[in-house]
Amino acid sequence: MNPALQAHDIPGVAKFEEGPGGLAVLVITSAAAEARIFVHGAQLTHWRPEGEEPVIFTSAESLYQEGKAIRGGVPVCFPWFGPYEGQPAHGFVRNKSWGVEAVTQLADGSVQATFVTKSDESTRAKWPHDFVARLTYTVGATLTMDFEVENTSAAPFKYSEALHTYFVVADARQAHVTGLDGTEYRDFPDRSKLLPQNGPIHFTEEVDRVYVNTKATCVLEDPVMQRRIVVAKEGSDSTTVWNPWIAKSAALSDFGDDEWQQMVCIETVNAAENSVTLAPGAKHCTTARISVEA
Ligand code: TA6
């Protein structure tokens with residue numbers, strides 16, 4: 001293991017190990033929770049608070065290779081969410097290794113880990129702006145993710161983004177999402193129209209909706225596991241809810257044909273009319289705060 005990564009280890013609490021595909025992964029085993037965060041994409045793939053079942057879903061068929069996002073966990077979508085000028089969806093930072101800035105244990109026992117990635121010649125070829133992006137995880141009985149983008153260019157830039165979080169459910173057909181009643185969403189594939197959300201979101205087919213102009217806290221209700229996963233947020237005005245259902249699952253080479261039954265994405269987003277414009281030197285932080293209730 002890279003000694004520069006090992007220098008961040010906290011004995012008995014946090015340790016960099018070699019994961020699948022030879023990718024470095026930070027393994028957190030504190031009294032409050034366990035987690036796994038890959039340097040690749042600064043992507044969390046596992047979080048289990050003490051006394052709970054795992055909360056974050058990762059596909060058993062995920063690939064772990066440079067240039068490809070890990071399927072599941074929390075892919076970081078930046079500097080665009082969705083399609084962009086014929087380039088791969090969801091930007092490029094989820095497909096590459098990030099730097100590790102710090103790993104510390106807080107007074108309450110939570111473990112905080114900060115990852116960083118910056119623009120360079122290769123990113124400028126895809127998106128002609130300079131930036132520094134930092135992602136700080138605070139892992140404990142709750143999971144907090146702070147994604148901060150700084151404009152280090154001499155001109156303003158506009159970006160869209162997502163903390164594209166995959167959650168475990170026992171059976172998507174019996175789960176539902178509350179909190180977005182009365183908001184409007186852009187559906188897939190025609191994102192041009194705004195449609196009203198009435199009541200909870202149930203899953204009886206593929207659901208791929210970008211809810212806009214909403215700061216709402218969402219709750220993923222799982223009657224089978226008898227738990228509620230609460231997804232609160234700050235600095236985010238869009239929320240995407242996604243379940244690929246049967247056909248899309250079969251079309252994804254890194255996702256099990258039946259895995260759609262065990263996951264729901266509730267994503268903390270700024271996209272479409274909620275894209276973020278940053279002045280030179282300005283920063284914007286998007287926070288997702290995940291907790292579990294019986
Ligand atoms: O967030 C929903 C979505 O935009 C869907 O359209 C689907 O493409 C999903 O993201 C996964 O995208 P990915 O590029 O990770 O396969």
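A polar side-chain atom of R71 is placed 2.9 Å from an oxygen atom of the ligand. The model is a predicted one. R94 also has a polar side-chain atom by the ligand, 2.8 Å from an oxygen atom. For E267, an N or O atom of the side chain is 2.7 Å from a ligand oxygen atom. Of the 390 Å² of accessible area that the ligand has on its own, the protein covers 83%.

## The ligand shell and pocket

R71, R94 and E267 belong to the set of residues around the ligand, which also holds F81, H90, H164, D208, T240 and W242. By class, this shell divides into 4 charged, 3 polar and 2 nonpolar residues. Arg and Glu count as charged, so R71, R94 and E267 fall in the charged class. The ligand takes up the space of the largest pocket.

## Aromatic pairs

Across the whole structure, 17 aromatic pairs are found. One of them joins W127 and F157. A pair of aromatic rings is described by the distance of the centres and the angle of the planes. For W127 and F157 the centres are 4.8 Å apart and the planes make an angle of 65°. Planes over 60 degrees apart count as edge-to-face, and the W127–F157 pair is therefore edge-to-face.

The two residues come from distant parts of the chain, 30 residues apart. W127 is in the loop between α2 (121–126) and β8 (131–139), while F157 is in strand β10 (residues 157–159).

## Backbone geometry in loops

Most residues other than glycine have a negative phi, and most peptide bonds are trans.

P79 is located in the loop between β5 (76–77) and β6 (99–105).

Note on methods. Residues are numbered from 1 along each chain as its sequence is written. This is a predicted model: local features need pLDDT of at least 70, side-chain atom pairs count only at pLDDT 80 or more; totals for chains, interfaces and linings use all residues. Side-chain values use heavy atoms; hydrogens and water are left out. A residue is near a molecule or strand if one of its heavy atoms lies within 4 Å of it. A polar contact is a pair of N or O atoms within 3.5 Å; within protein, one must be able to donate a hydrogen and the other to accept it, and residues adjacent in sequence count only if both atoms are side-chain atoms. Accessible areas come from the Shrake-Rupley method with a 1.4 Å probe; for residues, only the protein chains shown count as cover. On a 1 Å grid over the protein atoms alone, a cavity is a set of points where a 1.4 Å probe fits but cannot get out, and a pocket is an open set with protein on both sides within 12 Å along at least five of seven lines; lining residues have an atom within 4 Å of a point. A molecule sits in a cavity or pocket if more than half of its atoms lie within 2 Å of its grid points. Rings of Phe, Tyr and Trp (its six-membered ring) pair if their centres lie within 6.5 Å; planes under 30 degrees apart count as stacked, over 60 as edge-to-face and the rest as tilted. Helices (H or I, at least four residues) and strands (E, at least two) are DSSP runs, numbered from the N terminus.
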